[in-house]
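I opened my notebook to look up a few things in a protein model. Come along and check each entry against the picture.

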Amino acid sequence: MAVKIQNQFGNIDISNEVIATVVGGAATEIFGIVGMASKNQIRDNLNEILKRDNYSKGVVIRQEDEGIAVDVYIIVGYGTKISEVCRNVQDKVKYNLDSMLGITAESVNVIVQGVRVIND
């Protein structure tokens, strides 16, 4: 599925893969995020931290009546305040979707899949 935007010049279709890449890029910029996690950890390898080209595996986009809902699966660094990291992810994802794609997310759900010790 894709998000469809209509303006005076015509139609714009934005695929869920593009939305997932923008969301994954926004999430990994936040301090305290070690990486994205797969939404299907058992099938995709329990300990895998997703690389840049696999952001979409850690993001689920759902079309709803009011707009889109976004689920972001992350791994946070040990010693960070998880609630604050999640709030920052929500704010950054909403901002990037609005500024880059012109899409308003009705909800951004952050699912913490794990905590990793960060070695300096």
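This is a predicted model: local features need pLDDT of at least 70, side-chain atom pairs count only at pLDDT 80 or more; totals for chains, interfaces and linings use all residues.

**Entry 1: salt bridges**

I asked how many salt bridges the structure holds. The count came out at five.

I looked up Asp13 and Lys4, whose side chains meet in a salt bridge at 3.8 Å, N to O. Both Asp13 and Lys4 are exposed.

Next I turned to Arg62 and Asp71, and found a salt bridge of 2.4 Å, N to O. Is Asp71 buried or exposed? Its relative accessible area is 10%, and buried means under 20%, so Asp71 counts as buried.

Then I checked Glu84 and Arg87, whose side chains form a salt bridge of 2.9 Å, N to O. How far apart are they in helix α3? They are three residues apart, which means about one helical turn lies between them. I wrote a reminder beside this: an α-helix has 3.6 residues a turn, so residues three or four places apart point the same way. Glu84 is partly exposed, with a relative accessible area of 33%, and Arg87 is partly exposed too, with 41%.

I also noted a network: salt bridges with shared partners link Arg62, Glu64 and Asp71.

**Entry 2: helix α1**

I went to α1, which covers residues 16-28. Its 13 residues reach 18 Å from the first C-alpha to the last, close to the expected 18 Å.

Which residues of α1 are buried? My list includes Ile19, Val22, Val23 and Ala26. Among the elements that cover the buried residues of α1 are β1, β2, β5 and α3.

**Entry 3: strand β5**

I wanted to know how many residues of β5 are buried. Ten of the ten are, so β5 is largely enclosed by the rest of the structure. I checked both faces: one side has Ile68, Val70, Val72, Ile74 and Val76, the other has Ala69, Asp71, Tyr73, Ile75 and Gly77, and all are buried.

Then I looked for the partners of β5. β3 runs antiparallel to β5, joined by three bridges, and Met36 stands opposite Ile74. β4 is also antiparallel to β5, with five bridges, and here Gln63 stands opposite Ile68. I saw that β4 and β5 make a hairpin with four residues between them.

With β6, β5 pairs in the parallel sense over ten bridges. Asp71, from my salt-bridge entry, stands opposite Asn109 in β6. I followed the chain from β5 through α3 to β6, and this β-α-β crossover is right-handed.

Definitions and conventions
Residues are numbered from 1 along each chain as its sequence is written. Side-chain values use heavy atoms; hydrogens and water are left out. A salt bridge is a side-chain nitrogen of Lys or Arg within 4 Å of a carboxyl oxygen of Asp or Glu. Buried means under 20% relative accessible area, exposed over 50%, partly exposed in between (1.4 Å probe, protein chains only). Helices (H or I, at least four residues) and strands (E, at least two) are DSSP runs, numbered from the N terminus. The expected span of a helix is 1.5 Å times one less than its number of residues. Contact means heavy atoms within 4.5 Å. Two strands pair if DSSP finds at least two bridges between them. A crossover is right-handed if, with the strands pointing away from the viewer, the path from the first strand over the helix to the second runs clockwise.
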